[in-house]
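Student: I have a model open beside its sequence, and I would like to learn how to read it feature by feature. Could we go through it together?

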Amino acid sequence: MPSPLHPRTQLSTESIFATMSRLAAQFGAINLGQGFPSNPPPDFLLAAARKAIGVFDQYTAPIGLFKLREALAEDLSVDIDQVVITCGGTEALHALAQALYGPGDEVVILEPYFDVYLPDAKLAGATPVLVPMKLEGGWRLDLEALERNISSRTRALLINSPNNPTGTIFSKSELERIVSLAKERDLWIISDEVYDELYFSGAPLSLRRLAPERTFTVGSAGKRLEATGWRVGWILTPAGLAPTLAGMRQWSSFCSPAPLQAAVAEALPFARQTGYYQTLREGYKKRRDLLASGLRALGFEVFLPQSTYFLTARKPGLEAETLVKDAKVAAIPGRAFYEQHPAPDGLMRFAFCKTENELTRAIERLDAYLKTAR
Ligand SMILES: Cc1ncc(COP(=O)(O)O)c(C=O)c1O
């Protein structure tokens, strides 16, 4: 018998997102769990990809295809020398964890959190320190708790606004406080902004506007252009650090798929000029409101998101694991977003990047289930 694999393979367990998708398929449930859109990506993106295959087929530099970096620099008003292309936001977060912390270091993360943050920190050998957000009629950042949890070992603050799963956008004064803490304690900021274009009232403020010298911004074409499987994302680095981050990511995927980088490069200016993001937001707002009013009518406490395509809602006593089997509607249980503190009772996350028909049918199924379960 060969010797056992390294203990870090304990992190290889199936994520709750994959589990719920598997259960959804097994029980014929409408899948409002995992956050991938039901509708296809826009035609202009697909056309650009078809054109790029056969032209951009070999490795690109690890830092990314020049014309995509150029398009991003223009779109996000940053210097092209600060743009690194990655395989989605996921690889960006992994490369940043590897670049910023290691054994003995701590990274402060808000709870509830996007699942990738914890294994990334642990694979780097660092300790994640989780700071719970407050849930009192709505989600609120607890800045006092954030400050209390910064220690002499803290290397970075990992901030996610617009936030998954809560849908919160942090205010300018909250972000300013985060930045002053980072400056006082000399910390890096990882700002996960993959939902930067998915907002329903005011646009989010990017942390790099407040602290360009210490902020790494993570972005995702998958989220902006409804193509989560394409694996095109980016990091905006402080000045001078892009080659190092590109050098770190070269050891995982080397480069993001070349034709898809080329297609995104063409799609980004087109999306901006034609009002694509505005239309995207309007469509999502309609679906958010459809889901929110349906859940409210069923007695859920709904925390209306300002952004993202996720909605958190609570009905104490209800379990996502039961719903997927008995109501045939899949959601993500709140505890999937908590490790160090208890999740609020009956909390679930519903994805509304699904068709109106799917959302309506999901509400009908929940209604029928709740009537029989009473
Ligand atoms: C907050 C957050 N960050 C990063 C990612 C990963 O983005 P990508 O699909 O581009 O890897 C996601 C995906 O769901 C997310 O919700």
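Student: Which residues of helix H7 are buried?

Tutor: Burial is judged by counting neighbours: a residue is buried if 20 or more other C-beta atoms lie within 10 Å of its own, exposed if 12 or fewer, and partly exposed in between, with C-beta atoms placed from the backbone. In H7 the buried residues are Leu175, Ile178, Val179 and Ala182. Looking down the axis of H7, these buried residues fall within an arc of 95°, so they line one face of the helix; the arc is that of the directions from the helix axis to the C-beta atoms. Ser173 and Glu184, on the other side of H7, are exposed.

Student: Before we go on, what should I know about the model and its numbering?

Tutor: Residues are numbered from 1 along each chain as its sequence is written. The model is predicted, and local features need pLDDT of at least 70, side-chain atom pairs count only at pLDDT 80 or more, while totals for chains, interfaces and linings use all residues.

Student: What covers the buried residues of H7?

Tutor: Helices (H or I, at least four residues) and strands (E, at least two) are DSSP runs, numbered from the N terminus, and two residues are in contact if their C-beta atoms, placed from the backbone, lie within 7 Å. The cover over the buried residues of H7 includes strand E7 (154-160), strand E8 (188-192) and helix H8 (207-210).

Student: How does the span of H7 compare with what 1.5 Å a residue should give?

Tutor: The expected span of a helix is 1.5 Å times one less than its number of residues. For the 13 residues of H7 (residues 172-184) that should be 18 Å, and the end C-alpha atoms are 18 Å apart, which agrees.

Student: Which backbone angles deserve a second look?

Tutor: Most residues other than glycine have a negative phi, and most peptide bonds are trans. Here Asp186, which follows H7, has a positive phi near 50°. Arg231 also has a positive phi, near 60°, and is found in the loop between helix H9 (221-224) and strand E10 (233-236). Phe254, not a glycine either, has a positive phi of about 70° and is found in the loop between helix H10 (242-249) and helix H11 (258-273).

Student: Are Arg231 and Phe254 buried or exposed?

Tutor: Arg231 counts as buried because it has 20 C-beta neighbours inside 10 Å, whereas Phe254, with 12 C-beta neighbours inside 10 Å, counts as exposed.

Student: Where are the prolines that follow cis peptide bonds?

Tutor: The bond from Glu111 to Pro112 is cis, with omega near 10°, and Pro112 is in the loop between strand E3 (106-111) and helix H5 (117-123). The bond from Asn164 to Pro165 is cis as well, with omega near 15°, and Pro165 lies in the loop between E7 and H7.

Student: Which residues come nearest to the ligand?

Tutor: A residue is near a molecule if its C-beta atom, placed from the backbone, lies within 6 Å of it. Of the 13 residues around the ligand, Gly88, Gly89, Thr90, Asn164 and Ser220 come nearest. Helix H4 (residues 88-100) gives the most to this shell, with 3 residues.

Student: What does the domain assignment give?

Tutor: Domain bounds come from an automatic or database domain assignment, which for this protein gives domain 1 (7-41 + 276-373) and domain 2 (43-273). The contact between them takes 32 residues from domain 1 and 34 residues from domain 2.
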